[in-house]
Amino acid sequence: SKDLQNFLGLSNEDEIAFSRRIRLLKGVPIWFLENFFSLDTARYLSKRDLSKKPLLKILKEKAGIKVGRGEMYLEAVPAEYDVAEFLHCQAYDPLFHIQVYYWLPSGEPLEVANAFLRAEYFKYKIDLDPEGFENI
């Protein structure tokens, strides 16, 4: 997508690497995760490692790559056909979409992660500080 190209600073001719993974809960696919990153970053990753560890942990252990900062967006979306197939749900079923942009400490973009979670398995909790209630 153009947003992905713009974030990673790529042209239409540049290649991009990606991984796709599914997380199961008692045999039920509840989490579909896709990561997009440069080919340079991809050389540190293997299918075996990605099946056992989070991508950012692998990069830190294998290449000493650390995240400088990130931005996370959370929204409810209808399942698109390809994602519904991965999650064994119906197209247009409600999903939570979490999109995260990561940058290196230098400010260079590192990766984009998209996670799609089946809504019936998702619960979001925030601990509220009563001291902050006066500011609402």
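Visitor: Before we start, what does contact mean here?
Guide: Contact means heavy atoms within 4.5 Å. The model is a predicted one.

Visitor: OK, which residues does Glu111 touch, leaving out those up to four places away in sequence?
Guide: Among them are Phe7, Leu8, Asn35, Leu55, Val100 and Tyr101. Glu111 itself is found in strand S5, residues 109-118.

Visitor: Is Glu111 buried or exposed?
Guide: Glu111 is buried, yet has no salt bridge. Arg21, the nearest side chain of opposite charge, is 6.7 Å away.

Visitor: Which side chain makes a polar contact with the side chain of Glu111?
Guide: That of Asn35, at 3.0 Å.

Visitor: New topic. How many aromatic pairs are there in the whole structure?
Guide: A search finds nine. In one of them, the ring centres of Tyr73 and Tyr101 are 6.1 Å apart.

Visitor: Why is that pair edge-to-face?
Guide: Because the planes of Tyr73 and Tyr101 are at 85°, and planes over 60 degrees apart count as edge-to-face.

Visitor: Where in the chain are the two?
Guide: Tyr73 is in strand S3 and Tyr101 in strand S4, 28 residues apart. Tyr73 is partly exposed, at 45% relative accessibility, while Tyr101 is buried at 15%.

Visitor: And what about the rings of Tyr81 and Tyr92?
Guide: Their centres are 5.8 Å apart and their planes at 80°, so this pair is edge-to-face. Tyr81 belongs to helix H5, and Tyr92 to the loop between H5 and S4. Both Tyr81 and Tyr92 are exposed.

Visitor: Which residues form one aromatic cluster?
Guide: Phe7, Tyr73, Tyr101 and Trp103. Over the face of Trp103 lies Arg69, 3.9 Å from the ring centre.

Key. Residues are numbered from 1 along each chain as its sequence is written. This is a predicted model: local features need pLDDT of at least 70, side-chain atom pairs count only at pLDDT 80 or more; totals for chains, interfaces and linings use all residues. Side-chain values use heavy atoms; hydrogens and water are left out. Helices (H or I, at least four residues) and strands (E, at least two) are DSSP runs, numbered from the N terminus. Buried means under 20% relative accessible area, exposed over 50%, partly exposed in between (1.4 Å probe, protein chains only). Lys and Arg count as positive and Asp and Glu as negative; His and the chain ends are not counted. A salt bridge is a side-chain nitrogen of Lys or Arg within 4 Å of a carboxyl oxygen of Asp or Glu. A polar contact is a pair of N or O atoms within 3.5 Å; within protein, one must be able to donate a hydrogen and the other to accept it, and residues adjacent in sequence count only if both atoms are side-chain atoms. Rings of Phe, Tyr and Trp (its six-membered ring) pair if their centres lie within 6.5 Å; planes under 30 degrees apart count as stacked, over 60 as edge-to-face and the rest as tilted. A charge sits over a ring if NZ of Lys or CZ of Arg is within 6 Å of the ring centre and within 35 degrees of the ring normal.
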